[in-house]
Amino acid sequence: MSLSIETLPPVRGTLTPNRPMDALSWLRVGGPAEVLYQPADLADLQDFLAALDPSVPVFPIGVCSNLIIRDGGLDGVVVRFGRGFNGIEVLEGNRIRAGVGALDAHVARKAAQAGIDLAFLRTIPGAIGGAAKMNAGCYGTYLADVFVQAEALTRSGELVTLTPADMGFAYRSTSLPEGMILTSVVLQGRAGEPEAIEAKMAEALAKREATQPTKERSCGSTFRNPAGYSSTGEADDTHELKAWKVIDDAGMRGASVGGAQMSEMHSNFLINKGGASAADLENLGELVRKRVFENSGITLVWEIMRVGKPAAQ
C-alpha cells in the first residue's frame, strides 16, 4: 500500500510524507518514514487511529535511543511523540505521571525535586515510553520495579489502563498486545531527601562517564546479558555471563564494519564512528553474535530493536 497525506484522516498535528529518519535517530541512520505523524495531543492521536484504515501499519517512536532504523525506511505511519506527550506530574504517594515523550533523565530530576527516588532513570538515555516498553534498567533496578500503571491506545483509538500484569514485564522486554501504543505511565519511587537523591544521581552519572562511551553515538547496551539480568554496579558483581565479557573473549572489542564499531571503551556498545549505515551497524552486530557463538556457544540476543526495511539492492 502506498500512502498519501490526502488519503489519511485529518489531524491537528503534522503529517510529513517520506520523512528521512536519520536526523531523528540516536544513531543518525535510517531511511524515510512513509508518513511521519506528530500528534498535537492525546485526543488528536485517538481520533486519527479511530479513523485510520486498520491495514495501515503504525509504529510509535520517541527519541529512537534503542533503535536501528534500517536504510530502506519504515512503511506506514510512524508516530513521533513530542511536546503533547512530555508532561511530568507529581502525584500523591511518591508517584509521578509522565507522558511517554518525557525523557528518562527529566523524570528522574523532577522526581528528585519532589523527594521521590527514581534515580536509576537518570543515566538511561531515551524517553519513558521506550523505557516502559523495553523494561529499561541499570544497576539492578528496572522500570518494572517502580511501575504502577500506564495509559495506552489500542490500534482503533480506544484508551485503556494497563496494570503490571498487562505489561508482561521480563528482562529487557514486555509482552504488550500487538498495536498497543503507550501514552503515559505512572511510576512510584521511594521517599528520600532531594539532596541525597541528587547526590546519588551525580554518582551514577560519574560512574557512567568513566565506564561508557557517553560522547559517542550509541544506543547503550547492544545485547542482553546472557545471565538474564543487568549489572548491579556493586563490588560483588560477577562478569562471567556479561555480554561485554563474552564479546571480549571472542576478540571483538573494537571490531568494525564500515563506520560501525564495537566500542574500545565498552565492548557491548555499538557506535557510529561516522558515516555508518544501518546495514553497517546491524552487520557488525550479527558478526559479533556469530563470533561469540563460535567461541563460547552462547547466542547473544539483541537488546537494540532493528526495524524497517533494508535498502533496495
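This is a predicted model: local features need pLDDT of at least 70, side-chain atom pairs count only at pLDDT 80 or more; totals for chains, interfaces and linings use all residues.

Residues are numbered from 1 along each chain as its sequence is written, and side-chain values use heavy atoms, with hydrogens and water left out.

A word on naming: helices (H or I, at least four residues) and strands (E, at least two) are DSSP runs, numbered from the N terminus.

First, a helix pair. Helix 2, residues 104–113, packs with helix 5, residues 194–211, at an angle of about 155 degrees, and their axes are 8 Å apart. That makes helix 2 roughly antiparallel to helix 5. Axes here are lines fitted to C-alpha atoms, for helices over the stretch in contact, and angles run from 0 to 180 degrees between N-to-C directions. Angles under 35 degrees count as roughly parallel, over 145 as roughly antiparallel, 65 to 115 as roughly perpendicular, and the rest as oblique.

Which residues meet? From helix 2 they are Ala108, Arg109, Ala112 and Gln113, and from helix 5 they are Pro194, Ile197, Glu198 and Met201. Contact means heavy atoms within 4.5 Å. By type, the residues of this contact of helix 2 with helix 5 divide into 5 nonpolar, 1 polar and 2 charged. For that division, Ala, Val, Leu, Ile, Met, Phe, Trp, Tyr, Cys and Pro count as nonpolar, Asp, Glu, Lys and Arg as charged, and the others, Gly among them, as polar.

Ile197, Met201 and Ala204 of helix 5 are buried. These residues cover an arc of only 60 degrees around the axis, which puts them on the same side of helix 5. Buried means under 20% relative accessible area, exposed over 50%, and partly exposed in between, with a 1.4 Å probe and protein chains only. The arc is that of the directions from the helix axis to the C-beta atoms. On the face turned away from the buried side, helix 5 carries the exposed residues Glu195, Glu203 and Ala210. Helix 2 and strand 8, residues 116–117, are included in what covers the buried residues of helix 5.

Back to helix 2, where Asp104, Ala105, Val107, Ala108, Ala111 and Ala112 are buried. Seen down the axis, the buried residues of helix 2 fall within an arc of 160 degrees, so they line one face of the helix. Their cover includes strand 6 (88–91), strand 7 (95–99), strand 8, helix 3 and helix 5. Just after helix 2, glycine 115 takes a positive phi of about 75 degrees.

Helix 1, residues 42–51, has Asp44, Leu45, Phe48 and Leu49 buried. They cover an arc of only 125 degrees around the axis, which puts them on the same side of helix 1. Asp47, Ala50 and Ala51 are exposed on the other side of helix 1. Among the elements covering the buried residues of helix 1 are strand 1 (14–20), strand 2 (32–38) and strand 3.

Strand 3, residues 58–61, also holds phenylalanine 59. Not counting residues up to four places away in sequence, phenylalanine 59 touches Leu67, Leu74, Val77, Val78, Val79, Met305 and Val307.

Next, backbone angles. Most residues other than glycine have a negative phi. Where do the two residues I picked out sit? Asparagine 135 lies in the loop between helix 3 (128–133) and strand 9 (137–138), and arginine 172 in the loop between helix 4 (164–167) and strand 13 (181–188). Phi of asparagine 135 is positive, near 50 degrees, and that of arginine 172 is positive at about 55 degrees. Are they buried or exposed? Asparagine 135 counts as buried at 4% relative accessibility, and arginine 172 is buried with a relative accessible area of 7%.

Last, arginine 291 in helix 7, residues 278–296. At 32% relative accessibility, arginine 291 counts as partly exposed. Leaving aside neighbours within four places in sequence, arginine 291 is in contact with Ala250 and Met252.
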